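Here is a short report for a reader new to this structure. Look over the sequence and the model first, then read on.

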Amino acid sequence: MMLTGRVYSATEGASYGFAQYLTEEGGAFAKAMELAGRVAANAPLTNFAVLQALPMIAEANPQTGLLMESLMATVAQSDKEAKLRIRAFLDRKTAKVKPA
C-alpha cells in the first residue's frame, strides 16, 4: 500500500483486519486509553509473556517453541497473582487485584 499510494477508509481498514476497533470521529484517544487500562490490569507476567516470550516462541523451531511455551505456561500459572485470578474465575467472582 505504501508503494502504490493506495488509501483505505477507516471502515475499509477495519473490514480488512488492519484495525481491531473503529470509533466515532475524535474517539480514538478515549478508546486507546480504555485499552491501555485493560492491558495495565493484566498480571505483569502475562504482559511479559505476550510481549517477550510469544514472539520468541513463534520464531523458534517447533521443539524449542513447545519447550518455551510449556515453561512460560508453568511460570505464569505459578505466579501468585495468576493463582488469585484463576481462583476468582473459578469462584465466579471478579478478581480484586490491583494493577502494579
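## Overall fold

The protein chain holds five helices and zero strands. Along the sequence, the pattern reads α-α-α-α-α. The model is a predicted one.

How does the radius of gyration of the protein chain stand against that of a compact globule of 100 residues? The protein chain has 19 Å, while such a globule would have a value near 13 Å. Taken along the principal axes, the C-alpha atoms fill a box of roughly 50 × 40 × 20 Å.

## Surface and contacts

Of the 100 residues in the protein chain, 12% are buried.

Now the contacts between residues at least 6 apart in sequence. In the protein chain, 30% of these join residues at least 24 apart.

## Helix α3 and Asn-47

Helix α3 covers residues 44-59, and Asn-47 lies in it. Is Asn-47 buried or exposed? Its relative accessibility is 19%, so Asn-47 counts as buried, because the cut-off for buried is under 20%.

Leaving out residues up to four places away in sequence, Asn-47 touches Val-39 and Asn-42.

## Helix α4

Helix α4 runs over residues 62-78 and has 17 residues. From its first C-alpha to its last, α4 reaches 24 Å. That is close to the 24 Å expected at 1.5 Å a residue.

What happens at the start of α4? There, a side-chain oxygen of Asn-61 comes to within 3.1 Å of the backbone nitrogen of Gln-63.

Methods. Residues are numbered from 1 along each chain as its sequence is written. This is a predicted model: local features need pLDDT of at least 70, side-chain atom pairs count only at pLDDT 80 or more; totals for chains, interfaces and linings use all residues. Side-chain values use heavy atoms; hydrogens and water are left out. Helices (H or I, at least four residues) and strands (E, at least two) are DSSP runs, numbered from the N terminus. The expected span of a helix is 1.5 Å times one less than its number of residues. A polar contact is a pair of N or O atoms within 3.5 Å; within protein, one must be able to donate a hydrogen and the other to accept it, and residues adjacent in sequence count only if both atoms are side-chain atoms. The radius of gyration is taken over C-alpha atoms; the globule rule is 2.2 Å times the number of residues to the power 0.38. Buried means under 20% relative accessible area, exposed over 50%, partly exposed in between (1.4 Å probe, protein chains only). Contact means heavy atoms within 4.5 Å.
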